[in-house]
Amino acid sequence: MTAGQRPWVPVLFLVPGCILITLVVIYPAIKALLLSFTDFNMITPAKAVGLANYVRLWADPFFWGALRNTLLYLAVVVPFLVVVPIFLALLVNRALPGLAFFRAALYLPVITSLVISALVWKWVYEEKGLLNHVLLATGITDQPVAFLTDPTNALFSVMAVTAWSGLGYYMVIYLAGLQAIPRHLYEVAEVEGVSRWQQTLHITIPLLKPQVALVAVMASIGAMKVFEEVYVMTQGGPLDSTKTLVFQLYESAFVDFEMGYAAAIGVVLFAITLALSLVNLRLLRSRGERG
Amino acid sequence: MRRRQRIETVLRMAALTLLIGLTVGPFLWLLSTSLKGAGENIYAFPPSLLPQQPTLGNYVKVFESQPFGTYLRNSVVVALIAVTANLLLASLAAYPLARMDFRGRGFVFGVLLATMMVPFQLLMIPVYELALALGLHNTTLGLVLPHACTAFGIFFMRQAFLSVPRALEEVALIEGVGRPRIWWFVMLPLVRPSLATLAVFSFVAVWGDFLWPLIITDDPAHFTLPLGVNRLASTFSMDWRLVAAGAVFSIIPILVVFTFSQRYFIEGAMKGAVKG
């Protein structure tokens with residue numbers, strides 16, 4: 001079909017997009033890697049410093065603190081986002097009065113920009129805020145909880161916002177998985193007298209495995225990049241207890257103007273997300289072959 | 001049997017009502033706060049869920065003290081340009097990748113695939129430098145730059161083109177119609193739902209973006225809504241009524257878009273994951 005096609009035709013189609021992607025992704029990626037071996041600061045010309053930035057990272061307690069916070073983020077937020085949306089998806093999978101409304105309402109935090117979500121929760125988390133009122137009124141606590149101002153609570157309070165914003169998104173991914181499960185499996189189970197709960201446990205959950213793996217990877221990559229929530233709610237405080245890798249990167253680059261050092265943090269971030277992305281790609285490939 | 005089903009339905013609705021209380025509740029609380037007058041204690045215990053004397057005064061004050069109209073206009077303009085550019089460039093680049101044989105196709109595709117794995121946070125320093133060099137600091141184009149063509153968009157549109165039956169295209173080719181015309185008159189109309197989905201998907205990304213606008217603008221005249229609301233929150237950190245009003249105002253546009261194109265949002269999320 002393409003015999004006799006002029007060779008410049010595909011090039012013409014590809015050029016505008018590829019130029020842009022080269023400008024804003026490929027070139028900057030290479031540049032960032034190179035910058036991480038310099039002392040670039042936007043003011044004086046960049047000087048090569050070898051591995052100095054990485055050596056400094058290795059010895060920097062702030063970097064380790066940020067890495068620790070980020071990994072803790074992964075450890076808490078990812079399992080939550082893998083498991084809870086399955087139940088949400090199950091709840092909105094089958095016909096129900098007002099189903100479209102329920103789905104939309106559960107999806108609302110996903111479309112809201114993170115800055116707004118973070119602000120909403122900052123207000124809810126206030127010392128005399130709504131959440132403390134609820135906790136006090138129900139007797140769960142006898143004094144207000146310092147959600148964002150106590151170093152032991154702050155990171156978890158921020159995590160809750162990230163989890164809250166992601167629930168609806170992963171619910172939809174599971175919903176897609178649920179709707180791909182052949183109905184007759186349930187019909188057979190029904191005839192055999194298998195209870196609903198048993199059906200969920202032995203048919204639904206095992207068949208959702210690809211989505212579970214996918215959500216795990218997507219949620220991990222998302223958790224690696226947390227920024228807005230921290231910026232708006234805590235600015236990394238109190239006592240750096242909510243500083244994440246990306247927040248540290250932003251501060252080094254655009255507050256301290258240590259671009260070379262920030263680039264090195266970026267490379268570390270990239271290395272971790274790359275590992276997670278490769279897993280993602282693998283999953284997509286194996287799914288593509290089957291379907 | 002039917003009774004069991006009815007009980008189940010009631011239980012599901014109860015659970016869902018509770019859950020949407022968690023997802024929508026905080027927004028309603030924000031709305032309520034934004035409507036409370038200066039005379040009403042917003043920290044009262046027990047909290048008054050509804051404003052005693054609802055007033056739009058906070059909204060007026062927000063508009064008087066901050067150029068919220070400008071923020072809104074900037075957000076809309078940036079989103080319109082970015083989404084249009086992404087749809088156009090992505091569907092252009094995707095067409096040969098889906099339907100033409102040429103040398104290097106696999107290579108181009110592989111490189112594009114690889115770019116999707118690079119986090120923007122790594123790129124932002126060089127992109128910032130580049131934007132400064134191009135004179136894009138505090139400009140609309142500067143805000144658009146990283147959103148104007150996404151590798152995700154190219155993949156998404158490639159997938160859409162792959163699903164178009166070849167027959168239609170072949171008829172046109174035999175008739176001697178050129179590729180650009182086939183792209184515009186045959187292919188694009190057939191993938192309209194995918195274009196809509198991609199539009200919504202990229203709209204949400206641009207509209208909610210915070211990190212890049214934070215870096216590339218420092219003049220409030222070029223702020224988008226998230227930056228504007230953040231500025232409001234740091235200027236008036238003591239008065240939550242005003243912050244709430246600004247936040248509510250900035251949610252309204254995306255809420256309207258969401259209401260009218262809900263199915264594309266959901267589809268975008270599904271396909272974004274499945275076909276990414």
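Predicted model: local features only at pLDDT ≥ 70, side-chain atom pairs only at ≥ 80, totals over all residues.

Modeller: Residues are numbered from 1 along each chain as its sequence is written, and chains are lettered from A and ligands numbered from 1 in the order in which they are written.

Colleague: How many helices and strands does chain A have?

Modeller: Helices (H or I, at least four residues) and strands (E, at least two) are taken as DSSP runs and numbered from the N terminus. Read from that end, the elements of chain A run α-α-α-α-α-α-α-α-α-α-α-α-α. The count for chain A is therefore zero strands and 13 helices.

Colleague: What percentage of the residues in chain A is buried?

Modeller: A residue is called buried if 20 or more other C-beta atoms, placed from the backbone, lie within 10 Å of its own, exposed if 12 or fewer do, and partly exposed in between. The C-alpha atoms of chain A fill a box of roughly 80 × 75 × 30 Å along the principal axes. Of the 291 residues in chain A, the buried share is 44%.

Colleague: Is V212(A) buried or partly exposed?

Modeller: V212(A) belongs to helix 10 of chain A, residues 209–224, and its C-alpha atom is separated by 18 Å from that of Q199(A), 13 residues apart along the chain. Because 18 other C-beta atoms lie within 10 Å, V212(A) is partly exposed.

Colleague: At which residue does helix 1 of chain A bend by about 45 degrees?

Modeller: The bend at a residue is the angle between axes fitted to the seven residues ending there and the seven starting there. The buried residues of helix 1 of chain A include I21(A) and V24(A). The bend of about 45 degrees in this helix is at T22(A).

Colleague: How are helix 4 and helix 7 of chain A oriented to one another?

Modeller: Axes here are lines fitted to C-alpha atoms, for helices over the stretch in contact, with angles from 0 to 180 degrees between N-to-C directions. Helix 4 (residues 99–111) and helix 7 (residues 151–179) of chain A pack at about 120 degrees, with their axes 7 Å apart. Since angles under 35 degrees count as roughly parallel, over 145 as roughly antiparallel, 65 to 115 as roughly perpendicular and the rest as oblique, helix 4 of chain A is oblique to helix 7 of chain A.

Colleague: Which helix of chain A gives the largest share of the side that touches chain B?

Modeller: Two residues are in contact if their C-beta atoms, placed from the backbone, lie within 7 Å, and the contact takes 72 residues from chain A and 75 residues from chain B. The largest share of chain A's side, 18 residues, comes from residues 8–35, which form helix 1.

Colleague: Which residues of chain A does L19(B) touch?

Modeller: L19(B) lies in helix 1 of chain B, residues 2–34, and is buried because 20 other C-beta atoms lie within 10 Å. Leaving out residues up to four places away in sequence, L19(B) touches L88(A) and L106(A).

Colleague: Which residues of helix 4 of chain B make the contact with helix 1 of chain A?

Modeller: The axes of helix 1 of chain A and helix 4 of chain B, residues 105–115, come within 11 Å and cross at roughly 40 degrees. From helix 1 of chain A, L14(A), I21(A), V25(A) and I26(A) take part, and from helix 4 of chain B the residues are V108(B), L112(B) and T115(B).
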